[in-house]
Amino acid sequence: ARLTATFIAGPICAFASHPPDTVKTCMQGDIEQVRFKGYGQSAGVLVAESGIAALWRGMPWRLFRQCCAVFLFDKISAEVAPRLFPHAFR
């Protein structure tokens, strides 16, 4: 059940939070603020140049990374938790 919930909630949250993260990353990459000056202006530049889909660039890689992290953390917790807290698994 926890993996199912993770695979439902994770992509929904990633889809919602990806556009602001994309704008933030573009602003961070333009250190001298030549192209991206403010948050709203930066989002406008991205949409004007490449359409609204530009705000979700990199989304497949983000979802892939999340899926890998879920499996990795689940495996680690299943293996490590009983060793760290043996009294809880008797």
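Modeller: Helix 1 (residues 2–29) has a kink of about 40° at His 18, shortly before the proline Pro 19. The model is predicted: local features need pLDDT of at least 70, side-chain atom pairs count only at pLDDT 80 or more, and totals for chains, interfaces and linings use all residues. Residues are numbered from 1 along each chain as its sequence is written, and side-chain values use heavy atoms, with hydrogens and water left out.

Colleague: What is the bend at a residue?

Modeller: It is the angle between axes fitted to the seven residues ending there and the seven starting there. Helices are DSSP runs (H or I, at least four residues), numbered from the N terminus.

Colleague: Why is helix 1 called roughly perpendicular to helix 2?

Modeller: The two helices pack at an angle of about 100°, with their axes 9 Å apart. Angles of 65 to 115 degrees count as roughly perpendicular, and therefore helix 1 is roughly perpendicular to helix 2.

Colleague: What makes the pair of Phe 7 and Phe 71 tilted?

Modeller: Rings pair if their centres lie within 6.5 Å; planes under 30 degrees apart count as stacked, over 60 as edge-to-face and the rest as tilted. The centres of these rings are 5.5 Å apart and their planes are at 45°, so the pair is tilted. Phe 7 lies in helix 1 and Phe 71 in helix 3, 64 residues apart.

Colleague: Why does Phe 7 count as partly exposed?

Modeller: Buried means under 20% relative accessible area, exposed over 50%, and partly exposed in between (1.4 Å probe, protein chains only). Phe 7 has 31% relative accessibility, so Phe 7 counts as partly exposed.

Note on methods
Axes fitted to C-alpha atoms, helices over the stretch in contact; angles between N-to-C directions. Parallel < 35°, antiparallel > 145°, perpendicular 65-115°, else oblique. Phe/Tyr/Trp six-rings, centres within 6.5 Å; stacked < 30°, edge-to-face > 60°.
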